[in-house]
Amino acid sequence: MEARVSRLGTPQPSLKEQQVREIRRPRPGTVGGPAHAQPLVPDRVLVLDGYSNPALACVRSLGRAGYTVFVGSHRRWPLAAWSRHCAGTCWHATETLEGFATARAWAYAHGVGIVLPLTELACQLCNAERAQWEALGMVVGCAPEPLALRAFDKAQTLRLAEACGVEIPPTRYPASLEQCRAAARAIGYPCIVKPRFTAAWNGLGFVLDPGLCYVAGEAELDQAVLTRRQGRHWPVIQRFVPGQGKGLFTVCDHGRPVAWFAHERLRDIRPSGSGSSLRRSVAVDPRLRSRAERLLEAMQWHGPAMVEFRDDGVEPPWLMEVNGRFWGSLQLSIDAGCDFPRLWVDLLAGKPVAPLGEYRAGVTVRWLWGDVKRFLYILAGPPRGYPEAYPSVARGLQELFGRQPPGTRLEVWDVRDKWPAVAEWVEGVRDVLIQAFKRR
């Protein structure tokens, strides 16, 4: 009988999976294989993408809530593994189907009940072999396909938004280079060339997102488009719209938002637009909430989501994208009293979820290493074609070393859990040195 083939082109079951199925789970307290195998219980969680800030936030949140939390990563010493709430670390050599099969075997041997992918790439790898995870009794903590693609594919998201009356910038969805040229002419310059996926499968592997590109004129368009084409997926072309980036954050239960949170960005890591290095919790803007609620209900979204808008206070807010996963500034919502990781994992574990109370507005959190990265972006200068003002080096120095808003907390530093702050700088300096040598 021929093996079934997954969407990503890998035979099912894999060799690793066959090996996993041969594991005989001993009774509790006995040794089986390389680890003490235990019955699957929902209170044991494997948090993937352990190198990231959201992973650290999840590990701390879930550990304090009484979950037994493990950390998975392709890095040897991931950030979240330094937390005192980490019960063990699963290392998988690559972010591939084979690497995730290794993680699946490890999770099964350690009695994990819930696996929590935190990046789009990890979500897609889990979804590609979701049946294998579930066959071993594990709950995969991300939206399944094709639901996930409604958020991961920016073209699908924007089309859904248009269909349910949520305003988006003037946008075209070309399917060839000539259509890209026609789209840019129709929209007008400057325009934005935006890859459709953070990580797109091209038949051989994942094509990562090189970032959006600001295009000032026709002479720059072709290169911007071709370097952002992801296999058969051509980038979308959008008009640049001014305004401040604003996000709404939630966890949905099959299209129903369970809780809401909002923050304002005080500093972006990339001054041209990105995640933030300094942010403050604010009250939810009803204009944003009504639009986000309408879109998430139309998507029938299940799981965490960040709905990002651009708002100039004059025009209606423009939808930019939906991130169907936990976001980089997750720690801020927890500090303000909106514990999304616990809420989501409680839902996955089938526990009763009580409505969350009001969170605290005015809580300010700074990602210190994010400010270091911001200063490096300032030194490098604005992206070609960027149409707005760009901060000076003097301003960058003041932001990095000057006084911060009163009451500002550090994102990674925690007096009750100190080692991740050390790990962040060890890994950060290493990454900067690697990038410096690559440029030579």
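What follows is a conversation about the terms used for this model.

Modeller: Happy to! Please keep in mind that this is a predicted model. The chain has 15 helices and 20 strands, and buried residues make up 52% of its 440 residues.

Colleague: Let's take one residue, then. Why is G72 called buried?

Modeller: Buried means under 20% relative accessible area. G72 has 0% relative accessibility, so G72 counts as buried. You will find G72 in strand β4, residues 68-73.

Colleague: And which residues is G72 in contact with, beyond its neighbours within four places in sequence?

Modeller: Contact means heavy atoms within 4.5 Å. By that test, and leaving those neighbours aside, G72 is in contact with L46, V47, L48, D49, G50, C90 and H92. A separate value concerns A55, 17 residues from G72 along the chain: their C-alpha atoms are separated by 9.5 Å.

Colleague: V47 is in that list. What makes a group of residues a nonpolar core?

Modeller: The members must be buried, come from a set of nonpolar types, and be joined through side-chain atoms within 4.5 Å. The largest nonpolar core here has 98 residues, and V47, L116, L319 and F340 are those with the most contacts inside it. Another core, of 13 residues, lies apart from it, with A184, I187, C213 and W234 among its members. In soluble globular proteins, nonpolar side chains tend to be buried together.

Colleague: Now the strands. What makes β19 and β20 a pair?

Modeller: Two strands pair if there are at least two bridges between them. Two bridges join β19, residues 364-366, to β20, so they count as paired, and they run parallel. In this pair, V365 stands opposite R409 in β20.

Colleague: Which sheet do they belong to, and why are some strands said to be at its edges?

Modeller: Seven strands form an open sheet with mixed pairing, in the order β18-β17-β14-β15-β16-β19-β20. β18 (318-323) and β20 (409-410) each have a single partner strand, so one side of each is left without a neighbour in the sheet.

Colleague: Where can I see antiparallel pairing?

Modeller: Look at the open sheet of four strands, β8-β13-β9-β12. There, β9 (residues 191-194) and β13 (residues 236-239) pair in the antiparallel sense over four bridges, and K194 stands opposite V236 in β13.

Colleague: Last topic: spaces. What makes one space a cavity and another a pocket?

Modeller: In a cavity, a 1.4 Å probe fits but cannot get out, whereas a pocket is open. The structure holds one cavity of 30 Å³ or more, and about 60 Å³ of space lies in the largest cavity. P117, G141, P304, R325 and W344 lie nearest its centre, among 15 lining residues.

Colleague: And how big is the second largest pocket, and what lines it?

Modeller: The second largest pocket has a volume of about 270 Å³. It is lined by 14 residues, with W260, V284, R289, E358 and Y359 closest to its centre. β15 gives the largest share of that lining, three residues. By class, the lining has eleven nonpolar, one polar and two charged residues.

Note on methods: Residues are numbered from 1 along each chain as its sequence is written. This is a predicted model: local features need pLDDT of at least 70, side-chain atom pairs count only at pLDDT 80 or more; totals for chains, interfaces and linings use all residues. Side-chain values use heavy atoms; hydrogens and water are left out. On a 1 Å grid over the protein atoms alone, a cavity is a set of points where a 1.4 Å probe fits but cannot get out, and a pocket is an open set with protein on both sides within 12 Å along at least five of seven lines; lining residues have an atom within 4 Å of a point. Grid points are joined across faces, edges and corners, and a volume is the space filled by probe spheres set on the points. Buried means under 20% relative accessible area, exposed over 50%, partly exposed in between (1.4 Å probe, protein chains only). Ala, Val, Leu, Ile, Met, Phe, Trp, Tyr, Cys and Pro count as nonpolar, Asp, Glu, Lys and Arg as charged, and the others, Gly among them, as polar.
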